[in-house]
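Student: I've got a model open and I'd like to talk it through with you. Can we take it step by step?

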Amino acid sequence: MPPHRSDSPGPWWPPRSAALAALIFCVSTFCVSAFRASLNPDEVFDLYNPKRIVLIVAGALVFWLSIHGRAGARPGLKMLRRMALVGLPGLVVLFVLAMAMDIWVLHDTANMAAWNLRWILLWSGYFGTGLAAWLALRYGMALAEAEQRAAMDHGAGARRTDAPDHGFWVKTGRQAIHIAQSEVEWIEAEGNYVRIHAQGGHSGLVRSTLAAIESQLIAEDFVRIHRSALCRRSAIKGYRRKPSGALLALLASGAEAPMGRRFARHLTDELRPFPGDPALADDTVSPHEGEIRAA
């Protein structure tokens, strides 16, 4: 049986990515803003303008709050809405902060509303560009992870296909015969032994438990139909009810295997649901004799 994959996919993004992205956004915004200010012939260029530094740092904080906690989330409209709920109020806070600095720190109120609104509009462009770059990188990493996962699944499937079918050595009378896994139709427990039935009709005993044999089978190919029986999924063609009320699975070879009611409910959910039989919901109800249904 192929080993279970217990590894779960890790986050698409390193845990500290939000802080790193905010730092990159802060530095890039400062460089672009300073370069733009140096081209303005109407003002004396000041690289370390305190208002610019405070607003850029505050803007980087808004950017960090917008993407913080989204590292493990799937990109989508829900994530974009959450970013907007943080980013839009952040623009208002930055505008109020710029106005407050003009009034109480710089004491420069000439055209402050127009200048600050213009700066906020420019900063919103920086903010949108930063988010677009961050999301593009996230989508790229998501695509790379999906391709890697598909390659791993394909490799696992190829390994399972190429794996040798060791099968089972069983005793029948004084003989020992080999039954390959691909030939197994159904399996039943018999005391301290397990009887393995092949699709050709022959069977044999092996000293083991049903759980141990089940662990050696390909889980996708077999299903438990009774507490003491396993069956190949593709071999189940229907079921019928005995006069006693017990259920029997009808197999492709013509054999019949015991089917528990609890397992029948689960199995018929995969095949076709019972058409409202109260006898399956309540074990005290007597079923009709000779009733046969095909799944």
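Predicted model: local features only at pLDDT ≥ 70, side-chain atom pairs only at ≥ 80, totals over all residues.

Student: How many helices and strands does the secondary structure come to?
Tutor: Both kinds of element are present here, helices as well as strands. The tally is 7 helices and 11 strands.

Student: What span does α1 reach from its first C-alpha to its last?
Tutor: Helix α1 covers residues 17-38, which is 22 residues. At 1.5 Å a residue you'd expect 32 Å. The model comes close to that, at 31 Å.

Student: Are α2 and α3 roughly parallel or antiparallel?
Tutor: Helix α2 is residues 50-67 and helix α3 is residues 77-105, and their axes sit 9 Å apart. They pack at an angle of about 165°. Angles over 145 degrees count as roughly antiparallel, so the pair is roughly antiparallel.

Student: And how many residues of the α2 contact with α3 are nonpolar?
Tutor: On the α2 side, the residues include Val-54, Leu-55 and Val-62, and on the α3 side they include Met-83, Leu-94 and Leu-97. Lys-51 in α2 and Asp-102 in α3 are also among them. The contact has 4 polar and 2 charged residues, and the nonpolar ones number 13.

Terms used: Residues numbered from 1 in each chain as written. Heavy atoms only, no water. Helix = DSSP H or I, 4+ residues; strand = E, 2+ residues; numbered from the N terminus. Expected span 1.5 Å × (residues − 1). Axes fitted to C-alpha atoms, helices over the stretch in contact; angles between N-to-C directions. Parallel < 35°, antiparallel > 145°, perpendicular 65-115°, else oblique. Contact = heavy atoms within 4.5 Å. Nonpolar A, V, L, I, M, F, W, Y, C, P; charged D, E, K, R; others polar.
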